[in-house]
Amino acid sequence: MHELAPVSPFVALAYLIAGILFILALRGLSSPATSRRGNRMGMIGMAIAVVTTLYTHDIASLPEIIGAILIGGGIGFVIARRIAMTAMPQLVAAFHSLVGLAAVLVGAAAFLNPGAFGIVDALTGQLHPASRVEMGLGVAIGAITFSGSVIAFLKLNGNMSGKPILLPARHLINLGTLAAILGLVAYFTTDQSPWIFWTVTALSFVIGFLLIIPIGGADMPVVVSMLNSYSGWAAAAMGFTLGNSAMIITGALVGSSGAILSYIMCRAMNRSFLSVIAGGFGAESGGAASGAAAVDRPYKRGSAEDAAFLMSQADSVIIVPGYGMAVSQAQHALREMGDMLKKEGVSVKYAIHPVAGRMPGHMNVLLAEANVPYDEVFELEDINSEFGQADVAFVIGANDVTNPAAKTDKSSPIYGMPILDVANAKSVLFVKRSMGGAGYAGVDNEVFYMDNTMMLLADAKKMVEEIVKALD
Amino acid sequence: MDFISILSIFVLACFVGYYVVWSVTPALHTPLMAVTNAISSVIIVGALVASAEAGSAAAKYLGLLAVVLASVNIFGGFAVTERMLAMYKKKERK
């Protein structure tokens with residue numbers, strides 16, 4: 001079907017090798033020990049793909065191309081060096097948007113100059129129908145990735161409220177737009193008029209925007225993973241258009257990677273992917289009932305000195321970090337606290353919930369940044385049984401992921417979500433800015449009012465710094 | 001390449017992706033997203049073809065713009081992944 005310019009076997013082989021190096025790059029991430037070698041393989045793979053492409057094409061415009069690579073590469077490199085680790089979720093969202101836009105541009109270039117891509121039928125002088133479908137879908141997915149990621153970026157970066165924005169009849173609008181896009185792509189196979197191509201592109205930009213605005217801040221781990229997946233499918237669709245194995249292999253890898261991460265995140269919240277995508281979580285009045293009953297309940301408030309004393313007397317402390325730790329940049333102070341406790345002979349471990357933070361693995365990166373050894377950091381299923389033997393659970397900036405209502409209250413919006421059983425520890429120290437403002441899900445947390453809980457009401461970083469001082 | 005061989009590569013790569021990604025440790029999920037981001041910029045291959053081929057000035061400039069965007073991602077993505085991975089350290093054994 002595709003009559004691409006005859007590809008020399010060496011060129012095809014080079015793209016295949018690039019694809020294999022990308023697989024090895026991901027494989028390296030199975031352990032921190034092999035991960036950097038994996039990343040280097042990814043770099044080599046990319047270099048092979050780029051050099052092979054340049055080598056096999058007319059190099060008259062080489063200076064311009066090198067210039068473009070240097071400009072882009074320079075910008076990317078500087079951003080990567082300077083970005084704060086806490087800003088990683090928005091950086092990843094911004095990068096996704098670039099992949100999406102690049103896919104749209106490549107699709108548009110292929111539409112304007114199909115001869116260059118070898119996708120023109122020699123007899124009719126028109127685009128191959130199969131190429132039109134691939135191109136249409138690639139551009140559509142790319143555009144959705146772009147506008148969706150821009151919204152995700154604005155929400156994560158705080159330029160836009162993290163609250164869901166709900167349009168009336170949004171499901172109808174969204175389904176209608178999606179149907180229109182698919183219909184037009186199908187029609188595109190019979191009629192290759194430019195208006196169809198550009199309408200598909202424009203509608204896809206709109207739907208990407210509409211899909212993400214109703215989704216609230218704490219569902220962003222799913223959104224970011226999903227957009228990650230889309231950026232992969234966009235690359236794969238373009239790979240089909242170009243008949244390029246490196247792009248197809250990579251697209252499939254990235255697409256499945258994002259899909260699996262979305263699945264893991266959804267499972268960690270006990271929500272279906274569809275309910276997350278439908279959006280609106282945290283906006284409904286679902287939490288109001290349990291929240292209203294909770295006004296003015298008695299709780300114990302403690303000071304940094306109390307917390308320091310309690311922890312220095314303990315045998316074991318488990319620290320549970322959440323998004324609040326990232327917001328107040330408390331990870332360095334927290335590691336210092338951990339070090340001082342270890343000097344006192346206390347065993348210190350960290351427990352991470354899969355959806356803590358705003359992207360998969362967010363907490364792990366921040367703790368790594370603060371030099372917390374990764375073998376002290378445990379995933380939910382590996383550490384949850386240990387809370388029963390722990391003397392102190394130190395919760396910092398996490399809330400919903402510790403809420404026992406997820407196990408007991410069937411009417412709770414977070415019912416069924418796996419939680420960290422901090423309530424089982426002998427005492428719980430809960431660092432929180434104030435008693436007002438329940439967690440993201442708008443549900444009150446029983447743990448606040450338990451006899452063995454001490455609330456440490458302050459900014460997370462300040463509180464931890466004071467505890468460090470008191471431990472001294 | 002004909003459509004069926006391309007499709008075979010795609011389907012097999014999806015399976016490879018599925019098994020490889022499940023083997024990634026959850027602690028490295030953020031670097032995973034950063035590196036997948038970098039490698040999905042292999043779309044630069046398409047952008048290079050568009051910029052290198054004569055025939056349409058508009059296509060060429062769209063291609064060059066795509067090269068810039070994809071390069072931001074490639075360099076930025078790999079560099080930030082490298083920076084993150086360098087931070088993961090094991091406990092110092094005494």
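Is Lys407(A) buried, exposed or partly exposed? Lys407(A) is partly exposed, with a relative accessible area of 49%, where buried means under 20% relative accessible area, exposed over 50% and partly exposed in between, with a 1.4 Å probe and protein chains only.

1. Basis of the note. This is a predicted model, in which local features need pLDDT of at least 70 and side-chain atom pairs count only at pLDDT 80 or more, while totals for chains, interfaces and linings use all residues. Residues are numbered from 1 along each chain as its sequence is written, chains are lettered from A and ligands numbered from 1 in the order in which they are written, and side-chain values use heavy atoms, with hydrogens and water left out.

2. Lys407(A) and its partner. The side chain of Lys407(A) meets that of Asp421(A) in a salt bridge, at 2.6 Å from N to O; a salt bridge here is a side-chain nitrogen of Lys or Arg within 4 Å of a carboxyl oxygen of Asp or Glu. The two residues are 14 apart and link distant parts of the chain, Lys407(A) lying in helix α18 (residues 405-408) of chain A and Asp421(A) in the loop between α18 and β5 (427-432) of chain A; helices (H or I, at least four residues) and strands (E, at least two) are DSSP runs, numbered from the N terminus. Asp421(A) counts as buried, at 15% relative accessibility.

3. A second pair within chain A. Lys342(A) forms a salt bridge with Glu376(A), their closest N and O atoms being 2.8 Å apart, and this pair links helix α15 (residues 331-343) of chain A to the loop between α16 and β3 (377-379) of chain A, across 34 residues. Glu376(A) is buried, with a relative accessible area of 4%, whereas Lys342(A) is partly exposed at 33%.

4. A contact between chains. Over all chains, the whole structure holds 11 salt bridges, and one of them pairs the side chains of Arg36(A) and Glu82(B) at 3.5 Å, N to O. Arg36(A) lies in helix α2 (residues 32-56) of chain A and Glu82(B) in helix α4 (residues 57-87) of chain B, so the pair joins two chains. Arg36(A) is partly exposed, with a relative accessible area of 35%, and Glu82(B) is buried, at 12%.
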